[in-house]
Amino acid sequence: TFQSIVIAATTIISLGAFVLYSFGFVDIQNNWERLWSSIFHSISAYNNAGFSLWSNSLQNYRSNLTVNVIFIFLIVMGGLGWRVIDDIWTHKNDLKYRKLSLHSRLVIRTSLSLILFGSLGFFITETLLNSQFFNDLNFLEKLLSSIFETVSARTAGFTNFPISLNTISDTGLLLLMTLMFIGASTGGTGGGIKTTTFIALMAATRSTLRGQKDVIISNRLISDKVVLKAVGITVGSLLFVL
């Protein structure tokens, strides 16, 4: 298992570093400096660390499609966790969503939902409330920045624009903090209460509102022990944050 984790991480990080070096950080003239920057940021992004070699993080590459897409890819892959990546790789020859484990399906579904609704929500709040975050950006650049900040907020920490009360609306900040609180997935490189905890809590809430006795996710019965653990983690984390 450890060997597989190392191989998967090394492969993904190497791919990210190669693309950043070849097509992303092309403005860096010194080849060794560009190589070091590519390797460093690829490792940092995959591990959801958020460390950058530059004091302004990735603000110089805000409109660079290649850099933003690679960082989003690395952050998401690290956040999904090795179990999900291994499950996808195992079924690569016949990759069907239903053949993946329940854990993988829940992680993928929840992660995509958070990215979709988070990006859309952030785009709407910052557009309607006329915050400084979208100044001098066209529609596609606004959309790209929304996706980047939404993905990065879930514990990666990179930013392509200064984040403060003066640049982002209160609603947008609340949305980003909610995404930070949920975080990445179990076994992933990010923090937070985890997407699996979040989906278990949402499923329990849905069952309660419907008056159902059992908690069901994808036609699977979720034990009371799992639900109580999800509630305990969420409440404990929320009290700590407050």
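## A tour from the aromatic cluster outwards

Select Phe 122, Phe 123, Phe 133, Phe 134, Phe 139 and Phe 161: together they form one aromatic cluster. Keep in mind that this is a predicted model.

Stop 1: Now keep Phe 133 and Phe 134 on screen. How are the rings of Phe 133 and Phe 134 paired? Their arrangement is edge-to-face, with 65° between the planes and 5.4 Å from centre to centre. Both of these residues are buried. Arg 62 lies over the face of Phe 133, 4.7 Å from the ring centre.

**Stop 2: other rings.** A search of the whole structure gives 11 aromatic pairs. One of them joins Trp 54 and Tyr 61. This pair is tilted, with 40° between the planes and 5.7 Å centre to centre. Trp 54 has 22% relative accessibility, so it counts as partly exposed. Tyr 61 has 6%, so it counts as buried. Then select Tyr 21 and Arg 34. Here Arg 34 lies over the ring face of Tyr 21, at 4.7 Å from the ring centre.

**Stop 3: the whole fold.** Zoom out and switch to a cartoon view. How many helices and strands does the protein have? There are 9 helices and 2 strands. Follow the chain from the N terminus, and the order reads α-α-α-α-α-α-α-α-β-β-α. Turn the model around. The C-alpha trace spans about 65 × 45 × 30 Å along its principal axes. The radius of gyration is 19 Å; a compact globule of 242 residues would have one near 18 Å, so the two agree. Of the 242 residues, 44% are buried. Look at contacts between residues at least 6 apart in sequence: 63% of them join residues at least 24 apart.

**Stop 4: helix α4.** Select residues 82–90, which make up α4. Which residues of α4 are buried? They are Val 84, Ile 85 and Asp 87. These three cover an arc of only 160° around the axis, which means they sit on the same side of α4. Trp 89 and Thr 90, on the other side of α4, are exposed. Now show the helices around α4. Its buried residues pack against α1 (2–24), α2 (31–46), α3 (65–80) and α5 (102–128).

**Stop 5: Ser 185.** Go to the loop between α7 (170–182) and α8 (195–210), where Ser 185 lies. Is Ser 185 buried or exposed? Ser 185 has a relative accessible area of 0%, so it is buried. Show what surrounds it. Beyond its neighbours within four places in sequence, Ser 185 is in contact with Gly 79, Leu 80, Val 107, Ser 111, Lys 194 and Thr 195. Pick out Thr 195 from that group. The side chains of Ser 185 and Thr 195 make a polar contact at 2.8 Å.

**Stop 6: Arg 109.** Along the chain, Arg 109 and Thr 195 are 86 residues apart, yet 9.6 Å separates their C-alpha atoms. Arg 109 has 35% relative accessibility, so it counts as partly exposed. Which residue does the side chain of Arg 109 make a polar contact with? The partner is Ser 218, through its side chain, at 2.9 Å.

Definitions and conventions: Residues are numbered from 1 along each chain as its sequence is written. This is a predicted model: local features need pLDDT of at least 70, side-chain atom pairs count only at pLDDT 80 or more; totals for chains, interfaces and linings use all residues. Side-chain values use heavy atoms; hydrogens and water are left out. Buried means under 20% relative accessible area, exposed over 50%, partly exposed in between (1.4 Å probe, protein chains only). Helices (H or I, at least four residues) and strands (E, at least two) are DSSP runs, numbered from the N terminus. The arc is that of the directions from the helix axis to the C-beta atoms. Contact means heavy atoms within 4.5 Å. A polar contact is a pair of N or O atoms within 3.5 Å; within protein, one must be able to donate a hydrogen and the other to accept it, and residues adjacent in sequence count only if both atoms are side-chain atoms. Rings of Phe, Tyr and Trp (its six-membered ring) pair if their centres lie within 6.5 Å; planes under 30 degrees apart count as stacked, over 60 as edge-to-face and the rest as tilted. A charge sits over a ring if NZ of Lys or CZ of Arg is within 6 Å of the ring centre and within 35 degrees of the ring normal. The radius of gyration is taken over C-alpha atoms; the globule rule is 2.2 Å times the number of residues to the power 0.38.
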